[in-house]
Amino acid sequence: GDKEFVLEVVKRDGQALRFVTEQLRSDEEMVLEAVKQNVDAFLFASGELRADKSVVLAAVGLRGTAFRFAAHTLQADKEFVLEVVKRDGQALRFAIEQLH
């Protein structure tokens, strides 16, 4: 089906996520495959996924810098930031300034 085709495309070019339907940008598997290929693809994930702690942790596990595209509420959450930084210290750079 269409999902399988698009999944193969984002595995080769994560930035292609910007051109897919909102439904596919809300698909966790699709987003994480895109992030694996290109961390900047996380910017094009649905707002819902960028605010989902488990998805953000998975994205950070793939590429720490994905945290820069996480929802601001998560970037400002001290406990969550500590959890994220345990996965990848680079993520600390993208925590909201009030944490510093």
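A residue is called buried when its relative accessible area is under 20%, exposed when it is over 50%, and partly exposed in between. The model described here is predicted. Arg25 has a relative accessible area of 21%, so Arg25 counts as partly exposed. In total, the model holds eight salt bridges.

**Salt bridges within a helix**

- Arg25 pairs with Glu22 in a salt bridge, and their closest N and O atoms are 3.2 Å apart.
- Both Glu22 and Arg25 belong to helix H2, which covers residues 22–25. They are three residues apart, or about one turn of that helix.
- Glu22 has a relative accessibility of 41%, so Glu22 is partly exposed, and Arg25 is also partly exposed at 21%.
- Another salt bridge joins Glu33 to Lys36, with 3.3 Å between the closest N and O atoms.
- Glu33 and Lys36 sit in helix H3 (residues 28–37), where three residues, about one helical turn, separate them.
- Glu33 has a relative accessibility of 18%, which is under 20%, so Glu33 counts as buried.

**A salt bridge between distant parts of the chain**

- Arg68 and Asp40 form a salt bridge in which the closest N and O atoms are 2.2 Å apart.
- This pair connects distant parts of the chain, as Arg68 and Asp40 are 28 residues apart.
- Arg68 is in the loop between helix H5 (53–62) and helix H6 (72–75). Asp40 is in the loop between H3 and helix H4 (47–50).
- Arg68 is partly exposed at 30% relative accessibility, and Asp40 is partly exposed with a relative accessible area of 27%.

**A salt-bridge network**

- Salt bridges link Lys3, Asp27 and Glu29 into a network.

- Gln75 is part of helix H6.
- The relative accessible area of Gln75 is 4%, which is under 20%, so Gln75 is buried.
- The side chains of Gln75 and His72 make a polar contact at 3.1 Å.

Terms used. Residues are numbered from 1 along each chain as its sequence is written. This is a predicted model: local features need pLDDT of at least 70, side-chain atom pairs count only at pLDDT 80 or more; totals for chains, interfaces and linings use all residues. Side-chain values use heavy atoms; hydrogens and water are left out. A salt bridge is a side-chain nitrogen of Lys or Arg within 4 Å of a carboxyl oxygen of Asp or Glu. Helices (H or I, at least four residues) and strands (E, at least two) are DSSP runs, numbered from the N terminus. Buried means under 20% relative accessible area, exposed over 50%, partly exposed in between (1.4 Å probe, protein chains only). A polar contact is a pair of N or O atoms within 3.5 Å; within protein, one must be able to donate a hydrogen and the other to accept it, and residues adjacent in sequence count only if both atoms are side-chain atoms.
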